[in-house]
Amino acid sequence: MENQSSLKKCKVGGIAPGLRVFVSGAATGIGRAIAETLIASGSRLHICDVSEEGVEEFRASHPDHAATVADVSDDGAVGSIFETIGAEWNGLDALINNAGIAGPTGGVDEISPADWRQCVEVCLTGQFLCAHFAVPLIRSSGGGSIVNLSSAAGRFGYSYRTPYSSAKWGVVGFTQSLAKELGPDNIRVNAILPGLIEGPRIERVISSRAEQLGISHEEMKSSYVENISLRRMTPPEDIASLVAFLLSDMGTNLSGQSFGIDGNLEKI
Ligand code: NAD
């Protein structure tokens, strides 16, 4: 048998201490789980959220980390966050584009143009804006990582949720394009596609869908879970673990990928 002793040891663990990370929409939900995991791993965080109350609560819980009230679809607000980050940290190691909204539920002839625009602005343009201002800081740091939150709705068509699904497919295209564009600068860009994540958000989505189809919340929920091979929803902490992996030295050669994390969602 060939001598394998020249193989390097497998890397285990390893988020660099003091990693400078920005997470959007991190006052609650998946973004908050990501922020908590990274803080526990020794990273320095700057988060933003559109919820003033959420940002206040985050600041009180984490006085050593920064939090700003901002809407990711507002060019001026996003620009000003990264100006602050540049002044305080003199660079950035990772951008987590997490902020997103469910958008309207309804037929294409029922959804208003304003609701369409708002969903695409927050879910897709918001990711562009954060990358637009963050990339010069990551580049000047010698490279880093960008993680964009897409959705299972970014790999399946999703009837009555056309704005959300279109924005999330857009996130995958944005991710693959940026990975090509920024690879030579040692910037890795990946997308995470959560499926049904435990928490209040999915309960709201199920309620809207149930109302749309004229069935009960419980019937709707069972029909959602039946589409998952593992027959269970995914906890938000699992998304945070994948983000931590991508930011660690174990993710050094991962870029341009879309990672579904959903117990194998077979359809939506
Ligand atoms: P959530 O609604 O629980 O939390 C989203 C957070 O983002 C909230 O704190 C909210 O205040 C904030 N936010 C909303 N709009 C914002 C804006 N314009 N600017 C800044 N902050 C804003 O949602 P979540 O479930 O934690 O979802 C996080 C991401 O994961 C989203 O991009 C979502 O589309 C995606 N996702 C979630 C699920 C799920 O089942 N929960 C499934 C697939 C994808």
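A search of the whole predicted structure finds seven salt bridges, a salt bridge being a side-chain nitrogen of Lys or Arg within 4 Å of a carboxyl oxygen of Asp or Glu. Because the model is predicted, local features need pLDDT of at least 70, side-chain atom pairs count only at pLDDT 80 or more, and totals for chains, interfaces and linings use all residues. Residues are numbered from 1 along each chain as its sequence is written, and side-chain values use heavy atoms, without hydrogens or water.

Aspartate 93 pairs with arginine 20, with the closest N and O atoms 3.0 Å apart. Aspartate 93 lies in the loop between helix 3 and strand 4 (94–97) and arginine 20 in strand 1 (residues 20–24), so the pair ties together parts 73 residues apart in sequence. Helices (H or I, at least four residues) and strands (E, at least two) are DSSP runs, numbered from the N terminus. Aspartate 93 is buried, at 16% relative accessible area. Arginine 20 is buried too, at 13%. Buried means under 20% relative accessible area, exposed over 50%, and partly exposed in between (1.4 Å probe, protein chains only).

Arginine 32 forms a salt bridge with glutamate 57; the closest N and O atoms are 2.7 Å apart. Arginine 32 sits in helix 1 (residues 29–40) and glutamate 57 in helix 2 (residues 52–61), 25 residues apart. Arginine 32 is buried, at 12%, whereas glutamate 57 is partly exposed, at 40%.

Arginine 139 bridges to aspartate 185, with 2.8 Å between the closest N and O atoms. Arginine 139 belongs to helix 4 (residues 113–140); aspartate 185 belongs to the loop between helix 5 (162–182) and strand 6 (187–194). Shared partners join Arg32, Glu36 and Glu57 into one salt-bridge network.
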